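Please consult the sequence and coordinates while reading.

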Amino acid sequence: MKIIKYLFFLLLLVVIGGGVYVATINGEFQIEESRVIDAPDELLFNTINEYKTWEKWGPWMDESDDFIMDYSEKTSGEGASYSWKSETEGDGRMQTEKAVPFTSIDQKITFITPMGESNSDIYWKFEKIEEKKTKVTWGMKGKQSFMEKAFWVTQDSTFSQMLRPMYQRGLKNLDNYTKEEMQKYAVSVDGITEHAGGFYMYTATASSIATISEKMAQMLPAVDSYMKQNNLPQTGMPFTIYNNFSEEQGTAIFSTAIPTRDKVVTPKDSAILCDFLPKQKVVKTTLKGDYTNLKEAWETGYKYITDNGLELDEKSPAFEVYRVESTLQPNPADWVTEIYIPIK
């Protein structure tokens, strides 16, 4: 009997000692991982701010195939939330507390465990490095309960050590998902139509085909600035007229333009001029996607003309209208460019 009492007393000392040891452990934790992603900050913010995209890149999806997601009526912005159930990974919920476009997102995550509910803070930071490059930081901080600290004492790794690889994998998944979304595109020929034409303000130059985009990025703001300074109304979306385009020589003469309502007489030394686009019959082709796919879109339009026995109007230059561009949509997959090729 004395031996049993001794063993019981010894066990009690171990339990008390263990409890004291666990109680002295600092339960506060914070982990964060960062990754530089080749995508605009606005696009990345919008992706993470919308909970329905998390199924596409969330790292826990790699861990289990029994996740059941349940979304609230609001899935993006402050007050948005979702919950999940999984026999292998456990249950939980997430809610957005604050969203500052396109800088940061604060969220609250709750894990439902046999030891009760565990709440932690999730935070996202978006740092614009270049026009289309963003540093994304994903972090989590909180304080473990006594039971949680006791549990992790028995494990081979800490809670932070367990989560860190998951965060790294999640950011890598986000990178890959974003790239795939940005690369989506579609080309369609709308057929023969009539373009209404009209007056437009423009500036022209000659350059190699390879530097057209770079030149346009300088020219279009100049036209826009001139129109604003002179209170000229913009009556349509910006466009580019290809006065001459030679793939053999690799050169082009083109004008970047913005439609306006009336004829404008500019000073003789002005680099910004006014001209008129006539009403004309055209073959219209639409590209939804990045400008890197424009070559395919132009070739599709010309092929339609050849296949249908149509004749080009050599006197009228072809042009492309930027119906939806980067200032309206951060995702290149959502850009819309209309190509107009004049025919007789």
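The questions below concern a predicted model and set its values against the definitions in use.

Q: What makes asparagine 231 count as exposed?
A: Exposed requires a relative accessible area over 50%. Asparagine 231 has a relative accessible area of 68%, and is therefore called exposed.

Q: How do you know what span to expect of helix α6?
A: The expected span is 1.5 Å times one less than the number of residues. Helix α6 (residues 212-229) has 18 residues, and its reach of 26 Å from first C-alpha to last is close to the expected 26 Å.

Q: Which residues of α6 are called buried, and what covers them?
A: The term applies under 20% relative accessible area, and in α6 it is met by Ile212, Met216, Met219, Val223, Tyr226 and Met227. Their cover includes the strands β9 (198-208), β10 (239-246), β11 (251-259) and β14 (318-324). In general, an α-helix has 3.6 residues a turn, so residues three or four places apart point the same way.

Q: What makes a set of residues a nonpolar core, and which residues have the most contacts inside the largest one?
A: The members must be buried, of the listed residue types, and joined through side-chain atoms within 4.5 Å. The largest such core has 34 residues, and Ile48, Trp54, Trp124 and Val136 have the most contacts inside it. Helix α5 (residues 159-183) gives the most to this core, with seven residues. A second, separate core has 17 residues, among them Leu287, Leu294, Ala318 and Ile339.

Q: Which residues are in contact with valine 136, its neighbours within four places in sequence aside?
A: Contact requires heavy atoms within 4.5 Å. The partners of valine 136 include Ile37, Leu44, Ile48, Trp124, Phe126, Leu171 and Leu174, as well as Glu33 and Arg35.

Q: Where is the peptide bond from proline 101 to phenylalanine 102 placed, and what is its omega?
A: This bond is cis, with omega near -15 degrees. Phenylalanine 102 is in the loop between β4 (91-100) and β5 (104-113).

Q: Why should some predicted coordinates not be read in detail?
A: That caution applies where pLDDT is low. The chain averages a pLDDT of 87, and 85% of the residues score at least 70. However, pLDDT stays under 50 over residues 4-23 and over residues 152-156.

Terms used:
Residues are numbered from 1 along each chain as its sequence is written. This is a predicted model: local features need pLDDT of at least 70, side-chain atom pairs count only at pLDDT 80 or more; totals for chains, interfaces and linings use all residues. Side-chain values use heavy atoms; hydrogens and water are left out. Buried means under 20% relative accessible area, exposed over 50%, partly exposed in between (1.4 Å probe, protein chains only). Helices (H or I, at least four residues) and strands (E, at least two) are DSSP runs, numbered from the N terminus. pLDDT is the predictor's confidence in each residue, from 0 to 100.
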